[in-house]
Amino acid sequence: MTAQTATQTAPAYLSVNNVEVIYDHVILVLKGVSLDVPEGKIVALLGANGAGKSTTLKSISTLLKGERGEVTKGSIAFRGERVDQLTPNELVKKGMVQVMEGRHCFGHLTVEENLLTGAYTRSLSRGELKESLERVYHYFPRLKTRRTSQSGYTSGGEQQMTAIGRALMAKPTMILLDEPSMGLAPQIVEEIFEIVRDLNQREKVSFLLAEQNTMVALRYADFGYILENGRVVMEGDAKELASNEDVKEFYLGLSSGGRKSFRDVKHYRRRKRWLA
Amino acid sequence: MQFFLEVLLGGLLSGVMYALVALGYVLIYKASGVFNFAQGAMVFFAALTTAGLVDAGLSLWLAAPLTMVAMVALGLLTEKIVLRPLVAQHEITLFMATIGLTFFVEGLAQAIWGANVRSLDLGIEDVPLEWLLENANIAISQFDLVASGIAAALVTMLAIFFSKTKIGRALRAVADDHQAALSIGIPLQHIWGIVWGVAGFVALVAGLLWGSRNGVQFALTFVALKALPVLILGGFTSVPGAIVGGLIIGASEKLAEVYLGPLVGGGIEGWFPYVLALLFLLVRPEGLFGEKIIRRI
C-alpha cells in the first residue's frame, strides 16, 4: 500500500502499536489498533459510531483512566518516546493536546478565560500570554469579538473554536481532534477544517482527527485509517481512500453499481499487525 | 429606630460569622463539585485543636499556625484517601463519602482532645464598642466588628484569587468540567490539594472566631448547619454570594426573632433561616449569585 511506504519514509511522530483497551475490566473496545502519524501531517481516523475512534484518541492522551478504561496491551510512542504511562499534564507539556468530542468548554468561564486556562502548563509572562492569545485570535477572529461572553452561551461553532483555541494555547505540536464536526452546520464544519489545514501548513502542527464525516475528513487529511469494531480494517492515502469503491460504498454513500447484497460485502482484516 | 438599627447591625455581623463557615463549602464545591458535608466538622476540629494546644501551654500565635498545618494535612489526606479513589463517581457517592468523613473527623478531634468544653481566648473582648455606644447609643460588639473585618479581608483575597490568578482560573475550570481540564493538562490532584488546603484555612479562621465566641464544644458543628441556608440564598458557587447570603440570613433571623417572635411565642431564630431558604429555592434555585445553570437548547 502506498500509505505504508509514505509512513515509512517520514518518521512516525506518533505511533500507536497494537493497542488493546478494556473498559470496566470486561468490555473489550480496541482489539489491537496500530497507526502512525507522520510529522506535520493530518491523519484521519474514520469509522462508524462505536468503532473505537474516541477510545483510540483517549488511549493516546491517557484520558481513559478517568473513564474506567485501561490500555491492556500495546504501546504508544510520541517523538520516539513511550508515553502510555504519562499523565495528561506531562503529555501536554511534551506538546500533545486532545480536543475532546463535544467541545467541553468551561461554560461558566468567558471565552478568553477558557483560552487562558489552555496555557496552564506553560509558565508565561504577561506579555507572552497576550501574544499567545493574539495568535489564537488571529486564527479565530470570531472568538475575539466574543471574548467576554461566557462560553456556555456561545454557539456550537464558537465553542468548537474555543476548544481548539484553548488547545493551541498550550503550543502543541500534535493535536488529537475528536469529532470536530459534531452537531455543526456544514458551513461551520468547512470553516473549522480550513483552520485546521491552516494550522497544519503554517504552524506545522500534526493532527490526528477522529471523524464520522468521512467525506470532509478525507478531503483535508493526508492519510486515513478506517476503524471497525475496534480494529483498523483499511488504511491509505486520503485521496485513494476517497476513491476506493468500498469506502465510497460504505462510508460515503456513493455507489457505482446500483444496490448490492449484504452477502457480497467484503470484510476487511489487516492481518499484518495483529498477528505480528 | 435605634433599637431596630442595633438588631439589624447585630444580625448583619453575626451573619458574617455564618458566611465564614459557608465560604469553606463554597470553595470545595466550586472547585470539585463535591458538597463537603464535613466542613462543619473541620471547623470544629480546627477550633478544638487550637484550644487544645493553647491549653497544653502553647501561645496562641504558635497554636494557630500549628493547627493550620494540621488542617492542610487533613485536607490533603482527605483528598488523597477519600476523594481520589472516588474520582469519576456520582456526586451523591462523593456526598455520602463526606458525610462519613464528618463523623470520622468529629470522632478524631474528640479522641485526641477529649470531649470537654474548652474556652479559646483570642484577646478580643466581646463588649460593645464604646465610641458607638456613646455617640449613637447603639451597642455593637467589638468582637463582631473584628470578625467582620477578618471575613471581609478573607473574601477579598479569595475573590481576587479566583478571578485573577492562574490557579484560581484553573480551579474554576476544574469545577466546570473535570475531563476537559485534564485534557488541557491541568493536574486535578494538585488543584484539589490546593482547594482542600484553602478550605482548611478557612475552617481554621471560622473555628477560631466561633470557638472564642461560643466556647469550643461539639455544638460548633451545628453552626455549620446554619451555613446551609446561607448557601442556598447566596448560591453554592459564589464567594461573594456566601457573604451576602450570610448577611441576609443573619439580619433576617435576628429581625424575625425580635419583631415576629413575640407573635408566635418566640424561638423562631432557630428555624426562620431554613424557611427563608426554602422559599428562596422556589424562586431562584441557583441562589442570588450562583452560577446560572446554563442549558443550550
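Visitor: Which residue stands opposite A:Met96 in β7(A)?
Guide: A:Met174 does. This is a predicted model, where local features need pLDDT of at least 70, side-chain atom pairs count only at pLDDT 80 or more, and totals for chains, interfaces and linings use all residues. Residues are numbered from 1 along each chain as its sequence is written, with chains lettered from A and ligands numbered from 1 in the order in which they are written.

Visitor: In what sense do β6(A) and β7(A) pair?
Guide: Parallel, over 4 bridges. Two strands pair if DSSP finds at least two bridges between them. Strands are DSSP runs of E with at least two residues, helices are runs of H or I with at least four, and numbering starts at the N terminus.

Visitor: What is the strand order in that sheet of chain A?
Guide: The order is β6-β7-β8-β3-β9-β10. These 6 strands form an open sheet with mixed pairing. The edge strands are β6 (96-99) and β10 (231-237) of chain A.

Visitor: How is chain A divided?
Guide: Into domain 1 (2-95 + 172-275) and domain 2 (99-168). The bounds come from an automatic or database domain assignment.

Visitor: New topic. How many residues of chain B are in contact with chain A?
Guide: 20, and they meet 29 residues of chain A. On the chain B side, α7(B) gives the most, with 6 residues.

Visitor: At what angle do α10(B) and α12(B) pack?
Guide: About 25°, with their axes 9 Å apart. Axes are lines fitted to C-alpha atoms, for helices over the stretch in contact, and angles run from 0 to 180 degrees between N-to-C directions. So α10(B) is roughly parallel to α12(B). Under 35 degrees counts as roughly parallel, over 145 as roughly antiparallel, 65 to 115 as roughly perpendicular and the rest as oblique.

Visitor: Which residues meet there?
Guide: From α10(B), B:Lys226, B:Pro229, B:Ile232 and B:Leu233. Their partners in α12(B) include B:Pro273, B:Tyr274 and B:Phe280.

Definitions and conventions:
Contact = placed C-beta atoms within 7 Å.
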